[in-house]
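Reader: I am new to this structure. Please take one part and go through it closely.

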Amino acid sequence: MSLVLDVNKDFSDFKVNIKLDVGNEIIGFLGNSGSGKSVTLKMIAGIIKPDKGLIKIDDDVVFSEKNKINISTRERKVGYLFQDYAIFPHLSVKENIRIVLDKKRKDHYTYYLKKFNILELENKKSYQLSGGQKQRLALARMLATNPKIVLLDEPFSALDTDLRWRIERSVYDFLKNYNKTSILVSHNKDEIYRICQKVAIIKKGEIIEFSDKKSIFENPNSIHTAKLIGIKNTATILNKGEYIVANEFNQRFNFKTNSNFLAFKPDIFSFAPKDKYIDIFITDLIENPGFLTIISKNKNSSDFMTFDFKYSDICELKKGDKKRLYYNINDIMLFDY
């Protein structure tokens, strides 16, 4: 199974230009709200028609502006899980599954209900279900269609923490053994990392970075990607010759670079001497399970820096303290754009 996508869509105030060629992989779409993630899924599914381009699912051309091909959503055999579930409220749980099964498979509905732990709800109307139960029913019904490709648009957003974890594991187990193209849209970077094999970073309607998840999360190519994967300490660089200043933090770093942006993870610093250091002023301390976060905001700065330390690695600290933190220069991320 494979997906070839090369589409353009002009919404007058927003343009989408997406190119993607993937095989039997679980792909994550990561981007800010309004970047074009959900629009791209809807073009694959046939809900939104591109202005130009080509969409191939396996060897089947389902859209070609050049050859005037636009196959209907139903005939594309796409499994699409909407954010609002799109289940039939007047039908029972059982009927919601049976309605998408062909005649020979009508009695197989129990397999899908068992898979998502809702068999005991089979005779309930879907409007009687909780949000989590509706989510599980929507997932079960989507998979019952035996789709060629699976599209998941924020599938876990309505679930509480415990249920989210359980359903996420069920979906991951299914996708791992599904051996077809799957695409997950999520604002949750951790969700993307746990489930997906590759990640596409989408910005203003275009894929600006596409690679395996480890490469994306460990070595982002841009300051935009660094922010998306959760790196909070990001700043533009003012080049002062022998040293630089992280502008938003008004923080001096004693090394030279021609890059335009820097970023650093909050856990790269230590109190033990290393090759480089910065001096900070502690403006706040935040206790977390297993670690302490130091907040530092310098005079005349527009943003604050965060530093994370295990409780076992720190001495007694208090607001107002001035501290020297050490780092290795190779742990500072530098970007041209």
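Author: Strands here are DSSP runs of E with at least two residues, and helices are runs of H or I with at least four, both numbered from the N terminus. Two strands pair if DSSP finds at least two bridges between them. The model is predicted: local features need pLDDT of at least 70, side-chain atom pairs count only at pLDDT 80 or more, and totals for chains, interfaces and linings use all residues. Residues are numbered from 1 along each chain as its sequence is written, and side-chain values use heavy atoms, with hydrogens and water left out.

Strand β10 covers residues 198–203 and runs parallel to β3 (residues 26–30), to which four bridges join it. In that pairing, Lys198 of β10 stands opposite Ile27. With β11 (residues 206–212), β10 runs antiparallel, and six bridges join the two. Here Ile201 stands opposite Glu209 of β11.

Next comes helix α6, residues 189–195, which contains Arg194. Arg194 forms a salt bridge (a side-chain nitrogen of Lys or Arg within 4 Å of a carboxyl oxygen of Asp or Glu) with Glu168, and the closest N and O atoms are 2.6 Å apart. Glu168 lies in helix α5 (residues 161–178), 26 residues away from Arg194 in the chain. Buried means under 20% relative accessible area, exposed over 50%, and partly exposed in between (1.4 Å probe, protein chains only). Glu168 is buried at 0%, while Arg194 is partly exposed at 32%.
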